[in-house]
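Subject: The structure I promised you

Hi there,

Here is the structure we talked about, with its sequence. Have a look around it first, and then read on for what turned up.

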Amino acid sequence: MQTTFAVVAERLRKRYRGGHGATALDGFDLRVPAGTVYGLLGPNGAGKTTAVRALTTLLRFDAGRAEVAGADVAREPGTVRERIALTGQYAAVDELLSGRQNLVLFGRLHRLSGPAARRRADELLERFGLTEAAGRSAKDYSGGMRRRLDLATSMIRRPRVLFLDEPTTGLDPRSRNQVWEAVRGLVADGTTVLLTTQYLDEADQLAARIAVVDAGRVVAEGSPDELKAAIGADRLEVVVRDVDRLAEAAAAVAGAVGAAADVDPDQRRLRVPVTDRVGGLTAAARALQDAGITVAELGVHRPTLDEVFLNLTRAEARR
Amino acid sequence: MSVRTERSGALVDGWVMTGRYLRHVVRAPEEIVIYFSLPIMFVLVFGYVFGSGMSVPGGGGYREFLIPGVFVMTMLYGIGATATAIAVDTGRGVLDRFRSMPMARSALITGRVLADLARALLETTVLLVCGLLVGWSWHHGTGPLLASIGLLLLLRLALSCAGVALGLVAPNPDTVSMIVFPLAFPLSAVSNVFVAPEMMPGWLGAVSEWNPISATTAAIRELNGNPGLGGETWAADHSLLLAVAWPVALIAVLGPLSVRLYRRLGR
């Protein structure tokens, strides 16, 4: 089956006029498979928000081409707007109105009739756990409730693509989990989600694929596992009980997996890169057992996304 | 999806947005109380405190002279509410949501302007009652009274366009009041609202006579037979014409300007 892409961006360029004249997008390429959560990961000022604003028709880009939900962003912005929803960095709700009034207002602006808008509002309040707070002003909502209201508003017309710009920035862990749950629910319904985040953990939790953005372009792309693998091999780590036998253990493990070991006597630890996780682990365990060395800890570790991220953006900074 | 769509376009969107702004007033009624306290205070302070020392050229009671000016001034200070509402909307994420939706782009502006007119009608009604209580009245029947209200709404429309433009250029809602007051205060002070222009130094009197605020005020006095009709100058003789021409000219300039400023957001 051929993959369909919900979002395609090709060589997008955007330079802000005036001021420092910074180039916000500098040949930005992206392909988001339909029906998945796709993460745009990058530091502040990397161009994530600019990319989202360009793709959601809020900002005109200077060059390049973009297609969202099958419509050309520059030529058919109206069609794009009918098929997407955006939840920006700042909760886009009317603070003076109640939660329910917000949903009815946006439903009406989506051209639902009055009764249909009210019915949809009640459905969404229920689904996002806001029925109790429906009559309260949005300004009295907690951060997490506001975000959920914001997401509910985005779901009024069941968009094909939902853009979430840093949906959990500034939220406490509990509210963050609520937002994550809501996002997973949307994807289960078939919505494609393009998510920007500064949190590696969030991208790792939610996204099937991730693009690392730096200085206005994508510097790496892949599944979280692929990205972790790209930056470095998995490492086999052994901690021995008796530091006097560390050198002996290092020799045994190195022989078993066929790579040089790195020893750290202070922690009684040795590290060796492996390509075959299970095979390496089994061979090392057997070699240590044969040598009669008592092991305190044995395991294979994958680099964290933090390491991937720091590595990639550091490489970018050197260029 | 079990929803019925309604495709009546920009008008419906504008109307929905009007409802939104009016709901804001209902949900924050304290704002309207603060809002009305200013014109009522002007009636009381100028009508009773300074009014005893004021005289109206050609005779007549000062409070009857003052009330048409207070109507107009209330329209003028409405700029603040308009500009603040627009600045609040543009400064937050809610504008991004509006702009990323398939709704008419004009809805925010038309909705705000319509809500302003509804509000102006309410203000005029309250001030009418207030005016009757302090001795003002209309002497030429309901026709001219309704025409006066029409002129007030026309002026409010022009000021509403000014407010939208201001709200769009203001960097944030807090700066709006810092801009509005220095703008609105001289316009109301150097006008015929409180003091007849003939009693001012020559050049100031001329500025005051040509002020759009003065034009509407003089026209309302004339229409309703209130005292304080101006002297022999062209502006004073043609107050009705000016009361129509000024707002129309302002709308012709500020209306398209607001729309252009709004479109330019996000480029």
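Predicted model: local features only at pLDDT ≥ 70, side-chain atom pairs only at ≥ 80, totals over all residues.

**Positive phi away from glycine**

Most residues other than glycine have a negative phi. A:Arg11 has a positive phi of about 45 degrees although it is not a glycine. You will find A:Arg11 in strand E1 of chain A. A:Arg11 counts as partly exposed because 15 other C-beta atoms lie within 10 Å.

The other one is A:Arg111, which is not a glycine either and has a positive phi of about 70 degrees. Look for A:Arg111 in the loop between H3 and H4 of chain A. Is A:Arg111 buried or exposed? A:Arg111 counts as buried, because it has 23 C-beta neighbours inside 10 Å.

**Helix H4 of chain A**

That loop leads us to H4(A). This helix has 14 residues and reaches 20 Å from its first C-alpha to its last, close to the 20 Å expected at 1.5 Å a residue. Its buried residues are A:Ala116, A:Ala117, A:Arg120, A:Ala121, A:Leu124 and A:Leu125. Why do they count as lying on the same side of H4(A)? They do so because they cover an arc of only 165 degrees around the axis. On the other side of the helix, A:Pro115 and A:Glu126 are exposed. The cover over the buried residues of H4(A) includes H3 and helix H5 (143–154) of chain A.

**Chain A as a whole**

Stepping back, chain A has 11 helices and 14 strands. Its C-alpha atoms fill a box of roughly 80 × 45 × 45 Å along the principal axes. Of the 319 residues in chain A, 45% are buried. If you take the contacts in chain A with a separation of 6 or more, 68% of them are between residues 24 or more positions apart.

**Strands that pair**

Strands of a sheet pair through backbone hydrogen bonds, either parallel or antiparallel. You can see both kinds in chain A.

For the antiparallel kind, find the open sheet of four strands in chain A, in the order E2-E1-E4-E5. Which strands of chain A are the edge strands there? They are E2 (23–33) and E5 (71–72), and each pairs on one side only. One pair to click on is A:Lys14 with its bridge partner A:Leu25 in E2(A).

Five of the five residues in E7(A) are buried, and both faces are covered. On one side you have A:Val161, A:Phe163 and A:Asp165, and on the other A:Leu162 and A:Leu164. E6(A) runs parallel to E7(A), with four bridges between them. E7(A) also pairs in the parallel sense with strand E8 (residues 192–197) of chain A, over five bridges.

**Where the chains touch**

How many residues does the contact take from each chain? There are 31 from chain A and 25 from chain B. Helix H2 (77–83), strand E6 (84–87), helix H3 (99–109) and helix H4 (114–127) of chain A each supply at least two residues of the side that touches chain B. H3(A) gives the most, with four residues. By class, that side of chain A has 14 nonpolar, nine polar and eight charged residues.

**A look at chain B**

For chain B, an unreviewed UniProt entry lists residues 32–50, 70–95, 116–139, 145–169, 176–195 and 240–262 under "transmembrane region". In the model, residues 32–50 of chain B are 100% helix and 0% strand, with the end C-alpha atoms 26 Å apart. Residues 116–139 of chain B are 75% helix and 0% strand, and there the end C-alpha atoms lie 28 Å apart.

Enjoy exploring, and write back with any questions.

Best wishes

Technical notes
Residues numbered from 1 in each chain as written. Chains lettered and ligands numbered in written order. Pairing = 2+ DSSP bridges. Contact = placed C-beta atoms within 7 Å. Nonpolar A, V, L, I, M, F, W, Y, C, P; charged D, E, K, R; others polar. UniProt positions renumbered as here; feature names shortened; annotations may be inferred. Expected span 1.5 Å × (residues − 1). Buried ≥ 20, exposed ≤ 12 C-beta atoms within 10 Å, placed from the backbone. Arc of directions from axis to C-beta.
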